[in-house]
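I set out to examine one structure and to keep a record of what I looked up. The entries are grouped by topic.

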Amino acid sequence: MIIYCNLMPARFNGYTVGPVILIRPSKRGDAGLLAHEKVHVAQFWRTLGIGPLLSLFIPSLRLQYEVEAYRKQLEFNPGSALYFAGFISTKYGLSISVTDALKLLL
Ligand SMILES: [Zn+2]
């Protein structure tokens, strides 16, 4: 289920809660962003809902999930690896440099 709304943390343009994807109306049509959020829905289902919940408390799992999602998004935006690495480094409460995040994405 996809809901176009602004009910999410200000630092994100998309957000997934369980199987529900929230996308800012201004980002409607951003296929890469939608693909990113669909990866999080897949993570939800393949762990029977437990993985995303655990990732809130386990930074290494959160990093693993975001790297997987941004790799998918990169398929739609192949020139954005550095940009996405910056997001991983700054928006998820992870202790990782942009350089190290970039290495994980490529
Ligand atoms: Zn994500």
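**Basis**

I worked from a predicted model, in which local features need pLDDT of at least 70, side-chain atom pairs count only at pLDDT 80 or more, and totals for chains, interfaces and linings use all residues. Residues are numbered from 1 along each chain as its sequence is written, and side-chain values use heavy atoms, with hydrogens and water left out.

I then checked the geometry.

I asked how far apart His 36 and His 40 are in helix H1. They are separated by about one helical turn, because they are four residues apart in H1 (residues 31–46). Helices (H or I, at least four residues) and strands (E, at least two) are DSSP runs, numbered from the N terminus. His 36 counts as buried at 2% relative accessibility, and His 40 counts as buried at 12%. Buried means under 20% relative accessible area, exposed over 50%, partly exposed in between (1.4 Å probe, protein chains only).

**Strands**

I traced the pairing of the strands, where two strands pair if DSSP finds at least two bridges between them. Strand S2 (residues 14–17) and strand S3 (residues 20–23) are antiparallel, with four bridges. They make a hairpin with two residues between them, and Gly 18 in the turn has a positive phi of about 60°. Thr 16 has Ile 21 as its bridge partner in S3, and Val 17 stands opposite Val 20. Strand S1 (residues 2–4) pairs with S3 in the parallel sense over three bridges, with Ile 2 opposite Ile 21.

I also compared the faces of S2: Gly 14 and Thr 16 lie on the covered face, Tyr 15 and Val 17 on the uncovered one. In a regular strand the side chains alternate between the two faces of the sheet.

I found Ser 55 in helix H2 (residues 50–55), buried at 8% relative accessibility. Beyond its neighbours within four places in sequence, Ser 55 is in contact (heavy atoms within 4.5 Å) with Leu 61, Arg 62 and Tyr 65.

Leu 61 belongs to helix H3 and counts as buried at 15% relative accessibility. With the same exclusion of sequence neighbours within four places, its contacts are Gly 51, Leu 54 and Ser 55.

I asked why H4 is largely enclosed by the rest of the structure. Seven of its 10 residues are buried, so H4 is largely enclosed. These are Ala 81, Phe 84, Ala 85, Gly 86, Phe 87, Ile 88 and Ser 89, and their cover includes H3 and helix H5 (98–105).

I counted nine aromatic pairs. Rings of Phe, Tyr and Trp (its six-membered ring) pair if their centres lie within 6.5 Å; planes under 30 degrees apart count as stacked, over 60 as edge-to-face and the rest as tilted. Tyr 70 and Phe 84 are a tilted pair, 5.1 Å centre to centre with 35° between the planes. This pair links distant parts of the chain, from Tyr 70 in H3 (residues 59–76) to Phe 84 in H4 (residues 81–90), 14 residues apart. Tyr 70 is buried at 5%, and Phe 84 at 3%.

Tyr 70 also pairs with Phe 87; the centres are 6.3 Å apart and the planes at 55°, so this pair is tilted. Tyr 70 and Phe 87 are 17 residues apart, and both are buried. Ring pairs join Phe 12, Tyr 15, Tyr 70, Tyr 83, Phe 84, Phe 87 and Tyr 92 into a cluster.

Finally, I looked for charges over rings (NZ of Lys or CZ of Arg within 6 Å of the ring centre and within 35 degrees of the ring normal). Lys 91 has its charged end over the ring of Phe 87, 4.6 Å from the centre, and Arg 28 lies over the face of Tyr 4, 3.7 Å from the ring centre.
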